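The sequence and structure under discussion are shown here.

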Amino acid sequence: MRHISGYRNHKGVAPLLLVIALFGIGTTFNVASASIKEPMNASARSAQIEEGKQIFLKGCSTCHGLNLEGSAIAPALMGVGAASVDFQVGTGRMPVADMSVQIARKDPVYNEEEVAALAAYVASLAPGPAIPTAEQLNYERDGSTAEGGELFRNNCAMCHNFAAQGGALTQGKYAPTLMGVQVHHIYEALITGPQSMPVFNDKTLTPEEKLSVIKWIKAAEAEPNLGGASLGRTGPVAEGLLVWVLGLGALIAVAVWLTSRAR
Amino acid sequence: MTMIEKKVGSAANFVDERLGAAGWVKKSLNKVFPDHWTFMFGEICMYSFVILLLSGTFLTFWYDPSQRDVVYEGVYQPLKGITMSAAYASSLDISFEVRGGLLMRQIHHWSANIFMAAIVAHLLRVFFTGAFRKPREFNWILGILLLTLGLVEGLLGYSLPDDLLSGTGLRITSAIIQAVPLVGTYLTFFLFGGAFPGVGFIPRIFTLHILILPGIFLALITVHVMLVWYQKHTQFPGPGKTEKNVVGHPILPVYMAKAGGFFFIVFGVTAFLAAVASINPIWLYGPYTPGQISAGSQPDWYMGWLDGLVRMAPPWETHAFGHTISWNILIPALIVPGIIFTAMAFYPFIESWITGDKREHHLLDRPRNVPNRTALGVMSITFVLICLINGGNDILATHFDLSINQIMWASRISVFILPPIAFVITKRLCLSLQRADRDLVLHGMETGRLVRMGSGEFVEVHEPISAEKRFILTSHQQAAALELPASDARGVRRPGALKNKLRLRLSKAHAVAIPKVSAQEFKEIEHH
Amino acid sequence: MSSELEAFADPGLPVHAPRAADVDPRAEKRAEQQVALLFWLSAFGSALLIYSYIWIPEDAFIFIPVMGDQNAHQLFLGLGMAMSLFFLGMAAVLWAKKLMPDTEMVNHRHEFRSSDEDREALIKTVKEGVGGLKLGRRRLIKGSLLASLGLFALPPVLLLRDLGPLPGKDLEKTNWKAGTQLVTDPGNRPILASDLEVGSVVQVLPAVADSAHRPLSDIAKDPVLLIRLRPEEFKLTPERLAMTHDGIIAFSKICSHMGCAVALYEQQTKHLLCPCHQSTFDVTQAAKVIFGPSARPLPQLDITVDEKGYLIARAPFNEAVGPSFWERNSQ
């Protein structure tokens with residue numbers, strides 16, 4: 001395993017990448033127009049805010065109030081910022097499907113444009129953390145995997161588990177797995193502290209440190225299984241189960257055959 | 001005489017003229033071993049031990065048992081440049097830079113898990129079949145010692161890579177030692193070479209793990225196996241099998257081939273697990289530092305039940321006269337396991353005290369025929385399982401949408417309630433099975449064929465069972481409860497009346513049975 | 001109760017039935033082929049192992065359904081080894097089962113009790129041997145023997161004394177002193193009170209001279225968790241409230257139960273959870289234990305700010321941090 005990072009350069013991967021690339025070209029134009037945006041002019045922005053307002057009034061105001069003032073079942077949204085809206089709505093947590101102990105990640109209800117409009121609307125009423133730009137999120141350039149691992153184990157592993165697979169909190173709450181979470185959502189979670197999660201602002205965890213953490217998470221996500229099936233990367237519980245079921249189970253099966261009389 | 005025979009003959013002559021071993025070897029080769037799949041658990045243990053010695057030796061060639069700080073410069077990118085102990089760095093090197101090193105590490109760890117699982121399975125087989133009875137009490141105690149040593153040896157091995165998970169385990173171990181009244185603090189400082197995590201622990205447990213404990217293991221296993229050899233193996237009851245004989249295949253060639261083959265099979269299954277399933281991926285855990293922790297930190301399964309017990313303990317501590325006693329640690333981590341292991345070790349003597357049975361036993365019990373013992377066993381398994389479940393409560397909570405608080409409370413309550421319930425249910429189940437045996441002997445097997453009687457009613461045809469089967473179902477002994485008069489012949493109360501009363505009650509409970517069919521009874525029924 | 005007289009007669013060992021391979025030459029041939037096939041499979045496994053060791057690069061990966069991306073070197077090395085061993089064993093067992101003589105034999109057991117003569121002879125030997133010592137008469141020897149044996153046991157214990165230092169007050173001491181600056185871990189950056197916003201949590205260590213080389217035994221006691229709440233959320237006694245600074249409260253991160261890092265902070269409930277044994281502490285009530293096995297709250301660190309606004313400790317911990325021990329003298 002001289003070069004684990006060389007995994008991406010493996011022969012078998014190249015054709016696969018080509019196919020993905022060809023597939024991608026067709027869709028790139030749409031995505032590109034959305035992500036590499038020109039700075040919006042004032043009228044476009046106010047139109048976006050207006051669209052966001054309409055979505056908010058229809059989909060959110062029942063719980064969060066007509067003026068973001070909140071209610072008995074939902075927090076006020078004054079000053080939560082665009083980052084918070086992008087995280088909550090973009091990961092499908094909002095709007096809530098069922099009111100259980102914890103609001104879970106699911107397929108988002110609104111598309112990217114609608115989420116952006118909602119975020120713009122909420123941010124227009126009171127300032128708050130903004131959505132990080134692509135430039136801010138260049139973790140491949142600005143992050144360090146090893147340092148990120150150190151930071152992750154200090155600040156994140158206690159809830160999200162050593163391999164970012166998630167873990168239990170009290171009373172049925174849990175820290176979700178970070179596998180497959182988009183980079184900007186991780187960043188937004190860090191700066192806004194959704195649900196049980198504490199806030200890691202730029203003073204206590206600098207932007208570079210955040211990118212390092214993200215780089216480590218992405219490395220863990222992409223890491224192939226080095227020693228066989230991963231068993232969920234949850235530690236010895238799965239190993240113990242496997243040893244009784246498969247290990248001892250197989251040996252008992254052999255022992256039964258071994259001690260039976262041949263016909 | 002062929003060439004080979006001549007050569008073997010002269011070699012044998014050379015040895016025998018110096019050792020005079022022919023007589024003993026001849027006798028040994030004629031030894032027979034009874035066949036039953038449950039008799040293989042002990043062999044799995046022994047073979048796993050050999051696998052552990054082999055793979056462990058391989059690992060020591062590269063492992064560096066040192067807590068010296070080094071900066072990792074190996075191939076695993078996510079840890080590059082991190083300061084860590086030489087022990088952890090060398091474990092990473094074994095995994096990534098020694099070809100076959102990761103495979104060996106995984107074989108070693110899987111094998112340790114199989115070793116412990118097989119010990120438990122072996123223990124349960126011996127317990128439920130009564131194989132521990134006279135004359136095998138010594139071997140039972142040796143077995144309990146081996147189990148206890150296995151727990152310690154496993155914990156030490158789990159600690160050696162010095163990763164975040166194993167360090168957390170050591171932290172807990174140190175807290176347990178530290179909780180011992182009077183000497184605990186001194187013990188931890190001496191063991192760790194200072195305040196936790198100290199400077200000397202890794203090299204010290206390395207010496208224990210690879211030299212002292214394996215040495216003791218080897219000695220105890222040798223005695224354990226020699227006693228089996230000398231006392232001859234027990235056998236299940238059956239036609240032609242008595243307390244005075246042992247029926248099976250001779251050492252040469254069948255048993256030798258089967259046992260030797262089984263060693264390779266156990267090794268092969270372990271290697272297969274190590275090839276396809278990751279175990280203890282230390283590179284993901286990161287190096288140990290006491291300020292860090294991962295969610296779902298667990299010990300290996302054989303320590304998991306103790307951890308579960310510690311989790312469910314009530315928050316009790318005594319503060320008095322300037323001293324602290326941590327009952328929340330002492331009770332679940334030292335007192336309860338201490339009682340359980342001591343009671344286990346003494347069980348053969350306890351049972352023989354209850355039954356008053358001082359005879360030798362070489363025929364095994366069918367578990368249903370000793371309801372009390374079987375129920376006690378199932379009760380103990382229930383207890384350990386509840387503890388084990390609570391030991392993984394955080395993993396269960398996330399995988400089954402439960403709350404750790406619910407699981408914890410459920411465990412706290414059920415650890416008191418479920419074991420007795422398991423006892424009662426098992427005992428009743430055993431008695432029902434005895435009843436079924438009795439019916440089977442008396443009325444034969446149900447065939448499913450219906451016959452219309454002359455009177456018009458339908459009757460199912462029962463087929464009598466074979467004489468062999470009948471013998472197996474009735475050959476066990478049903479001892480009556482003890483009779484200990486409270487006063488002797490002259491009306492004087494015997495000493496220890498309370499003890500006697502307890503013994504009488506236990507003996508009565510132990511003797512509860514559905515009377516087995518006697519030959520006479522059977523004849524009478526047949527005549528009708 | 002049925003007495004042994006009424007027991008069913010033992011039908012005796014079943015008659016030995018020959019196996020197919022014993023009577024049918026074709027079955028025998030077939031069994032032989034099966035055994036040979038298994039040996040060949042084992043040989044193939046060994047070859048696979050050798051091939052993988054030498055020719056499969058260590059950074060080659062292969063996708064296996066269900067298992068995901070696997071390291072091909074490790075996988076085939078292991079599978080080769082498993083096949084080599086497993087089929088060797090299976091071949092031997094099949095050979096024994098199908099082709100080796102399978103007549104069962106009967107051994108007789110002997111009673112383990114020695115004969116009465118042997119026992120008496122032993123007792124006599126022992127008595128004579130022990131009698132020869134004449135311990136009863138040799139009082140001088142008896143006394144000195146006991147003394148020497150008693151003292152003999154001490155040196156081995158004494159020789160272990162230097163395994164470690166005496167604990168002294170070590171467990172009660174940390175690097176926190178009055179005026180010690182709180183610095184981030186990792187990073188060792190001082191923290192302004194204004195750096196923390198409500199809902200933040202930071203792990204901090206005391207500023208020390210050589211922050212790059214902290215001994216692990218220090219990290220086992222020093223870590224502190226800094227949490228900021230809205231001041232009105234506290235339910236603290238005046239003394240405890242005085243130990244906070246503007247909604248910022250500091251607790252030892254080392255669990256008061258068994259010393260794990262208590263770091264799972266739930267921002268909404270203000271609960272701290274220890275992942276090892278699930279002790280739960282309520283931050284608003286000075287880390288009072290509200291669930292789990294821990295018997296004591298986490299020690300609270302008295303904090304304030306220096307003239308530049310950086311967070312510092314006002315005083316060291318007023319109790320020992322971490323798990324309990326016998327000499328610990330505080331509630």
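## Backbone geometry

Pro253(B) is placed in helix 10 of chain B, where helices (H or I, at least four residues) and strands (E, at least two) are DSSP runs numbered from the N terminus. The peptide bond that leads from Leu252(B) to Pro253(B) is cis, with omega near 0 degrees. The model is predicted: local features need pLDDT of at least 70, side-chain atom pairs count only at pLDDT 80 or more, and totals for chains, interfaces and linings use all residues. Residues are numbered from 1 along each chain as its sequence is written, chains are lettered from A and ligands numbered from 1 in the order in which they are written, and side-chain values use heavy atoms, with hydrogens and water left out.

Another cis peptide bond runs from Lys134(B) to Pro135(B), with omega near 10 degrees. Pro135(B) belongs to the loop between helix 5 (101-128) and helix 6 (137-159) of chain B. In chain A, Leu68(A) has phi near 65 degrees, a positive value in a residue other than glycine. Leu68(A) is found in the loop between helix 3 (61-64) and helix 4 (81-90) of chain A. Most residues other than glycine have a negative phi, and most peptide bonds are trans.

## Interface of chains B and C

Contact, defined as heavy atoms within 4.5 Å, involves 113 residues of chain B and 87 residues of chain C. The area buried between these two chains is about 8,700 Å², with carbon and sulfur atoms giving 65%; buried area is the accessible area (1.4 Å probe) that two parts lose on being put together, summed over both. In chain B, the residues that lose the most area to chain C are Arg99(B), Phe189(B) and Phe190(B), which together make up 8% of what that side buries.

One salt bridge is found across this interface, the criterion being a side-chain nitrogen of Lys or Arg within 4 Å of a carboxyl oxygen of Asp or Glu. The salt bridge between Glu317(B) and Arg296(C) has an N to O distance of 3.2 Å. Helix 10 (residues 251-276) of chain B gives the most to the side of chain B that touches chain C, with 16 residues. That side divides into 57 nonpolar, 37 polar and 19 charged residues, where Ala, Val, Leu, Ile, Met, Phe, Trp, Tyr, Cys and Pro count as nonpolar, Asp, Glu, Lys and Arg as charged, and the others, Gly among them, as polar.

An open sheet of three strands has the order 1(B)-4(B)-3(C), with antiparallel pairing; two strands pair if DSSP finds at least two bridges between them. Strand 1 (32-33) of chain B and strand 3 of chain C each have a single partner strand and stand at the edges, so one side of each is left without a neighbour in the sheet.

Strand 4 (residues 245-250) of chain B is joined to strand 3 (residues 105-108) of chain C by four bridges, and Val246(B) has Asn107(C) as its bridge partner. Strand 1 of chain B pairs with strand 4 of chain B over two bridges. There, Phe33(B) has His249(B) as its bridge partner.

## Interface of chains A and C

This contact takes 39 residues from chain A and 45 residues from chain C. The buried area is about 3,600 Å², of which carbon and sulfur atoms give 54%.

Three salt bridges are counted between chain A and chain C. In the salt bridge of Lys173(A) with Glu266(C), the closest N and O atoms are 3.2 Å apart. By class, the side of chain A that touches chain C has 18 nonpolar, 14 polar and seven charged residues.
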